[in-house]
Amino acid sequence: MANKTALITGITGQDGAYLSKLLLDKGYRVVGSMRRTSGIGTWRLQDLQVLDEIEFTSMELTEDSNVRGVLEKIKPDEIYNLAAQSFVGDSFTQPIYTTQVTGIGALRLLEGVRTVVPTAKFYQASTSEMFGKVQQVPQSEKTAFYPRSPYGVAKLFAHWTVVNYREAYGLHCCSGILFNHESPLRGVEFLPRKVTLGMAKYALRGEGPLRVGNLEAKRDWGHARDYVDAMWRMLQTTPVMDFVVATGRTHTVRDFVEMAASACGISLDWQGTGHNEMAIDRATGNVVVSVDPAFYRPSEVDLLVGDPSLAKEVLDWSPTVRLEDLVSEMVEADMHRVSSNHVSGF
Ligand code: NAP
Ligand code: F7E
């Protein structure tokens with residue numbers, strides 16, 4: 001039998017890179033859709049040494065005919081819809097664009113699947129941001145949603161659209177409700193990579209302080225490599241259903257900062273409160289981190305912690321990387337990039 005063809009939207013993002021590697025290793029033909037930009041966005045694929053094995057096609061999720069045309073041309077067996085305006089902070093200043101790409105983009109693709117490739121399997125990148133102001137702790141597939149950002153609202157629209165297309169048209173489509181997942185390939189605008197890169201710059205060049213927002217928010221952080229494996233498992237499983245993918249552990253942003261500092265050999269003392277809080281290097285007295293309200297969000301998601309029991313039971317999926325090891329891996333990669341003057345992701 002010929003190799004299966006997977007179409008990955010958002011292939012230039014963090015998850016696109018890890019998923020490409022996973023699928024190529026399994027013998028898939030991988031086609032990645034990219035939108036047109038003025039820069040070269042393939043550094044992650046280069047980093048994982050998969051760039052030459054991927055076929056690329058141009059697709060902008062806000063263009064109906066473009067989306068349909070790609071499905072007609074590629075005729076994928078599996079579609080992984082990872083493309084999104086995925087930065088929560090920017091969704092407050094660009095809510096309409098975010099909704100067009102992150103919400104209606106998924107509907108455009110599903111309409112294409114329904115009319116062009118109805119037997120294709122479809123994965124939607126749903127998110128713990130849909131739980132927002134959480135109605136239950138920990139959050140599971142049964143927890144009620146309460147999004148707190150235009151991004152969360154757009155993802156919830158996409159999520160329910162997947163449910164509806166599954167029930168109304170019998171499409172093989174499902175969503176992974178993934179909690180935060182990170183890696184050395186994470187974008188520098190997200191808190192974890194911002195912190196590991198900032199710590200590496202402080203440790204090696206004395207640069208700083210690193211300005212951050214809310215130190216008290218709690219997140220359930222896992223490794224992206226583990227999480228793309230869960231995506232693939234979901235599409236191989238029947239009956240088709242949606243799954244929470246998480247570690248079941250939660251930590252504050254403050255904890256993450258301390259772990260990253262410690263991985264650089266730096267001990268921090270916290271001083272001040274609220275907007276005036278800062279973290280001082282115990283050895284030198286330098287200010288390493290300071291709070292800047294510019295990074296606060298108009299409405300915050302205070303606490304996320306997922307219950308991954310269904311994924312364990314049905315998909316035989318469990319996270320393999322502890323947060324402490326994830327932080328060390330990210331810090332090591334950023335120390336290497338800074339010391340070799342090769343900082344990717346800008
Ligand atoms: P990411 O690194 O931000 O990647 C997003 C991808 O979407 C990039 O390839 C980007 O292309 C593409 N994209 C953005 N706007 C587009 C448009 N208008 N048309 C076509 N492509 C567009 O995100 P990620 O961390 O890999 O996450 C993958 C997916 O999972 C996203 O949908 C995200 O919302 C969701 N998710 C992520 C997490 C997490 O913790 N990482 C958790 C839950 C859900 P460019 O390279 O051109 O910008
Ligand atoms: O923020 C706080 C911030 O931007 C984490 C996306 O992948 O995961 C991600 O969304 C927390 C928030 O991720 C800064 O307020 C403090 O409470 O790393 P983040 P996110 O908003 O949780 C979900 C699951 C997705 O689906 C999204 O696509 O950290 N925080 N200070 C900060 N955040 C940032 N970015 N920068 C700061 O300086």
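The legends below walk through several close-up views of a predicted model.

**View 1. A four-strand open sheet.** Here four strands line up in the order E8-E15-E14-E13, and their pairing is mixed. Strand E8 (210–212) and strand E13 (268–271) are the edge strands; each has a single partner, so one side of each is left without a neighbour in the sheet. On average, neighbouring strands of this sheet are turned by 20 degrees against each other, direction ignored. Look next at E8 and strand E15 (residues 287–291), which pair in the parallel sense over three bridges.

View 2. Helix H9 (residues 253–263) lies across E13 and E15, and runs at about 145 degrees to E13.

**View 3. The buried residues of helix H9.** Which residues of H9 are buried? They are Val 253, Arg 254, Phe 256, Val 257, Met 259, Ala 260 and Ala 261. As you follow them along the helix, keep one rule in mind: an α-helix has 3.6 residues a turn, so residues three or four places apart point the same way. The cover over the buried residues of H9 includes H7, strand E12 (251–252), E13, E15 and helix H11 (323–339). Just after H9, you can find Gly 265, which takes a positive phi of about 80 degrees.

**View 4. Strand E1, covered on both faces.** Why is strand E1 (residues 5–9) described as largely enclosed by the rest of the structure? Because five of its five residues are buried. In a regular strand, side chains alternate between the two faces of the sheet. In E1, Thr 5, Leu 7 and Thr 9 are on one side, Ala 6 and Ile 8 are on the other, and all of them are buried. E1 pairs with strand E2 (residues 29–34) in the parallel sense, over five bridges. Within this pair, Thr 5 has Arg 29 of E2 as its bridge partner.

**View 5. Cysteines without disulfides.** How many disulfides does the structure hold? The count is zero. Cys 173 has the sulfur of Cys 174 as its nearest cysteine sulfur, 7.4 Å away. Because its relative accessible area is 0%, Cys 173 is buried. Cys 264 has 14% relative accessibility, so this residue counts as buried too.

**View 6. Around ligand 1.** Of the 27 residues around ligand 1, those that come nearest are Thr 12, Arg 35, Ser 86, Tyr 151 and Lys 155. Backbone atoms also take part in this view. A polar backbone atom of Gly 10 is 3.3 Å from an oxygen atom of ligand 1, and a backbone N or O atom of His 181 lies 2.9 Å from an oxygen atom of the ligand. At Leu 61, a polar backbone atom is 3.2 Å from a nitrogen atom of ligand 1.

**View 7. Around ligand 2.** An N or O atom in the side chain of Arg 297 is 2.5 Å from an oxygen atom of ligand 2. Tyr 151 places a polar side-chain atom 2.7 Å from an oxygen atom of ligand 2. Gly 213 has a backbone N or O atom 2.8 Å from a nitrogen atom of ligand 2.

Terms used. Residues numbered from 1 in each chain as written. Chains lettered and ligands numbered in written order. Predicted model: local features only at pLDDT ≥ 70, side-chain atom pairs only at ≥ 80, totals over all residues. Heavy atoms only, no water. Pairing = 2+ DSSP bridges. Helix = DSSP H or I, 4+ residues; strand = E, 2+ residues; numbered from the N terminus. Axes fitted to C-alpha atoms, helices over the stretch in contact; angles between N-to-C directions. Contact = heavy atoms within 4.5 Å. Disulfide = S-S within 2.5 Å. Buried < 20%, exposed > 50% of the residue type's maximum accessible area, 1.4 Å probe, protein only. Near = heavy atom within 4 Å. Polar contact = N/O pair within 3.5 Å; in protein donor to acceptor, adjacent residues only side chain to side chain.
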